[in-house]
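The structure is shown first, and the reading follows.

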Amino acid sequence: MSRDNTLWFVIAAFNEGPMISEVVRGVAPHAQVVVVDDGSADDTGDQALAGGACVATHLVNRGQGAALQTGIDFALAQGAGHVVTFDADGQHDVAEALEMVARCRAEGLDAVLGSRFLGATVNMPFSRRLVIKAAVVFTRLTTGLNLTDAHNGLRVLSRDAARKIRIRQDRMAHASEILSQIARLRLNWREHPVTITYSEYSLAKGQKISNSVRILEDMLFGARS
Amino acid sequence: MIVSLVATGLFLFVLFVAAVRKFTFFGLKVSVMLFAAAGIYFVWNPDQMTRLAQLVGVGRGADLITYATTVILFLTVVGAIIRERRSGDVLTLLVRRLAIQQARFPERPKAGPGSRG
């Protein structure tokens, strides 16, 4: 098994001590990993480091969007050729992420976006499905992108795309912001079927439906110019 | 009488603060000063407030004050949220810079013959 040192997985983590080491160990044999410890109160950073990741630590919690941008900046500075954004809670499948990278390279794409609705979901609550479907309709209307999924954290970006996209929404609205920038920058993108596994852990850690109100508020007040 | 004096004192304080403080927009400084000056005038001439209210179709001076206060409060809250977000943005940039500068690297096993890069 060879490790691709031009491929960087960026993982934003907040209080993911119990899971992060396992997630990093799953990725590290294949690619470089940077975990951005977003002001965790637990030992997330130490666990990630022990798992084999580089660790950049936010001294105070700034949100997933801010953490991903930190990780992308770090990966680009280390010479990343491709960047994968990957969730810290074990929802994503490394093999599928590597398939997405291979597709990105083979087809010369700027971005490959994971879609759970082209692929599969395991134990996805109905309420979450409903909220994500609503987000898909909203994203299609606001960006014009003909997507089947929105707010899927598994994405592959080419170096060029990762440099062009700047995440200014510090919190959860970054997912919509990335799609909006992909549309605005006219990047060459495709969706790729992925499997999202909702475990008891990830459901407890993941987004609450009430967060959608916060996302709308963030989008309303915008981000720094 | 005491209420009028207290209200006048408050408006004078706002007038003084607006006069000495720097504002992002000069128009905002003028608006706040005009608001405070108008406040002092209407405290001592309440009938004029009622006339003004009737002029704009509100009816009573007290109603006009309520509406104006609501709008001003709303704008103040929106302004505070925007300022808080700007401060947050600066904090994010600072936190990011430090995180990257002070990143920790894992101990690497020696590269094998199959490794790339």
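What percentage of the 225 residues in chain A do buried residues make up? In this predicted model, the buried residues come to 55% of the 225 residues in chain A. The secondary structure of chain A consists of nine helices and seven strands. Chain A is as compact as a globular protein of its length, because its radius of gyration of 16 Å is close to the 17 Å that the globule rule gives for 225 residues. Taken along the principal axes, the box filled by the C-alpha atoms of chain A is roughly 45 × 40 × 40 Å. Of the contacts in chain A with a separation of 6 or more, 74% are accounted for by residues 24 or more positions apart.

Two or more lining residues are given by each of α1 (2-20), α2 (26-44), α3 (46-55) and α4 (61-101) of chain B, and α4(B) provides the largest share, with 13 residues. Domain 1 (1-44) and domain 2 (46-102) of chain B each supply at least three residues to this lining. The table divides the lining of the second largest pocket by residue class.

| Class of lining residue | Number |
|---|---|
| Nonpolar | 22 residues |
| Polar | six residues |

Methods
Residues numbered from 1 in each chain as written. Chains lettered and ligands numbered in written order. Predicted model: local features only at pLDDT ≥ 70, side-chain atom pairs only at ≥ 80, totals over all residues. Heavy atoms only, no water. Helix = DSSP H or I, 4+ residues; strand = E, 2+ residues; numbered from the N terminus. Nonpolar A, V, L, I, M, F, W, Y, C, P; charged D, E, K, R; others polar. Domains from an automatic or database assignment. Rg over C-alpha atoms; globule rule 2.2 N^0.38 Å. Buried < 20%, exposed > 50% of the residue type's maximum accessible area, 1.4 Å probe, protein only. Contact = heavy atoms within 4.5 Å.
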